[in-house]
Structure formats: C-alpha cells, structure tokens
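Visitor: Please take one part of this model and go through it closely. I am new to it, and a short account of the whole chain would help me before the details.

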Amino acid sequence: MTRQPAERGNPPLTTADGAPVEVRRSARRTRTVAAFWENGTAVVAIPARFTAAQESEWVHRMLAKLHRQGERRSRKGSRQPATDAALAAHAADLSTRHFAGRAVPTSVRWVSNQNSRWGSATPSEGSIRLSDKLRPMPQWVIDYVLLHELAHLLVAGHNAAFWKLLEAYPDTMRAKAFLEGVSFATSRGLPAGGNDAEPGDAD
C-alpha cells in the first residue's frame, strides 16, 4: 500500500473544511474505492492500478460523499444531546471520528454549577463535565468543547501535544473564536449566554 498526501509541487490536498486528505493506493484493492476519517484526516483508498485521471475523479467523488455524510450527521445532531446518556454517546462518536477512539471517558454529563469554565475533565477518573451554558450554542461549538475535554484524557496539560490532537477537528479555531466572542460580550454585560473563562481547563 502506498500513501500519497499530495503530489510534489502541488499544494497539500484538503477537504472543503480544510482537513488534510491522504490518498492510499492498494494492490489488494482491485475495483472498490473507499473514503473514511482517520485521526482528523480524510483518507481515500483506491486501487493501485488507477491512472492519475481516475485518481483525481474518484478523490473528488469520495470527498464530496464524505462532505454529504458530514452534513447529514450535522443535521441529525442539530438537536443537542439533552441527556447525560446522549452526551456520553455523542462523546464516544466524536472520539471515534477524531481520536481513533483512544479517548474513553467513564462519564460525561451536563452540569449547572460550572460558572468559570465551559467544560472540565478529571483525567485520573476519566470524567468529563460540560457547562449547561453551552446548551443554546451551535453544535459545532459544543463539539469543540467536548473534544477539548476528551483530549485532556489523553494529554492533561495545554502543551503542543494537546493542541496537536485538536487539529483533528476542523472547527477548532472557529469555535475558539466564537467562545472568545461570547466571553468578551459577557464581560461587558451583554447577553451572550456564556461565561468569561477559557474553555477546557482540566480539574
């Protein structure tokens, strides 16, 4: 199997959301083409015999398919997980999609007593708590905070290794900016519906 992140001289291939793309050619794969997410990278697996033109065509097709699947998943998940059980199930799905399932919390729950954090994690216990102030926010923001806490189960601090993990989520920078805007507005008494702390500090 050969892996091709990008051809020489060409810019790295990315999805519409800016996620990296990797093309894998396999001699074992004779007719079928597959696309899937792996640690934040969109992987397109194609037969080794494909010409450059066939590769280009199928990569385009499969990335479009992944995008449609993501949109359907987003619409399906537009109703935010209301219960702790739903939140835990969603966390497991996010861990599988972005961290290869390596972050396995023992509990994930909404809490109403977190006024200084969007979320918190206790790595020694494997527990995650999300502030219920997140409930009215967009799902992609909630997903970022949840992934932030899941990442803390793998890396306790906010070091380079921690932020490298969050590169797997294409909306990381967008969500951080959103929450910073909420914090800015709230600190000035505007009705932003958030709090004034940086999200994701571990307990």
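Guide: The chain has an accessible surface of about 11200 Å², and carbon and sulfur atoms hold 52% of it (areas come from the Shrake-Rupley method with a 1.4 Å probe; for residues, only the protein chains shown count as cover). This is a predicted model, in which local features need pLDDT of at least 70, side-chain atom pairs count only at pLDDT 80 or more, and totals for chains, interfaces and linings use all residues. Residues are numbered from 1 along each chain as its sequence is written, while side-chain values use heavy atoms, with hydrogens and water left out.

There are five helices and seven strands in the chain (helices are DSSP runs of H or I with at least four residues, strands are runs of E with at least two, and numbering starts at the N terminus). Read from the N terminus, their order is β-β-β-β-α-α-β-β-β-α-α-α. Of the 203 residues, 40% are buried (under 20% relative accessible area, with exposed meaning over 50% and partly exposed in between, for a 1.4 Å probe and protein chains only). Among the contacts with a separation of 6 or more, 48% are between residues 24 or more positions apart (a contact is heavy atoms within 4.5 Å).

β7 has strands to pair with (two strands pair if DSSP finds at least two bridges between them). With β5, residues 107–111, β7 runs parallel over five bridges. Arg 109 has Arg 129 of β7 as its bridge partner. With β6, the sense is antiparallel and there are four bridges; here Ala 121 stands opposite Ile 128. β6 and β7 make a hairpin with four residues between them, and Gly 126 in the turn has a positive phi of about 75°.

Thr 122 belongs to β6, which spans residues 119–122. Thr 122 counts as buried because its relative accessibility is 13%. Its side chain makes a polar contact of 3.0 Å with the side chain of Arg 129 (N or O atoms within 3.5 Å; within protein, one must be able to donate a hydrogen and the other to accept it, and residues adjacent in sequence count only if both atoms are side-chain atoms).

Elsewhere in the chain, β4 (residues 41–47) has seven of its seven residues buried, so β4 is largely enclosed by the rest of the structure. β2, residues 21–26, pairs with β4 in the parallel sense over six bridges, and Val 21 stands opposite Ala 42. β3, residues 34–38, pairs with β4 in the antiparallel sense over five bridges, with Ala 35 and Val 44 as bridge partners.

Among the helices, α5 has its buried residues at Thr 172, Ala 175, Leu 179, Val 182, Ser 183 and Ala 185. Seen down the helix axis, these fall within an arc of 165°, so they line one face of α5 (the arc is that of the directions from the helix axis to the C-beta atoms). Met 173 and Glu 180, on the other side, are exposed. The cover over the buried residues of α5 includes α3 (139–152) and α4 (160–166).
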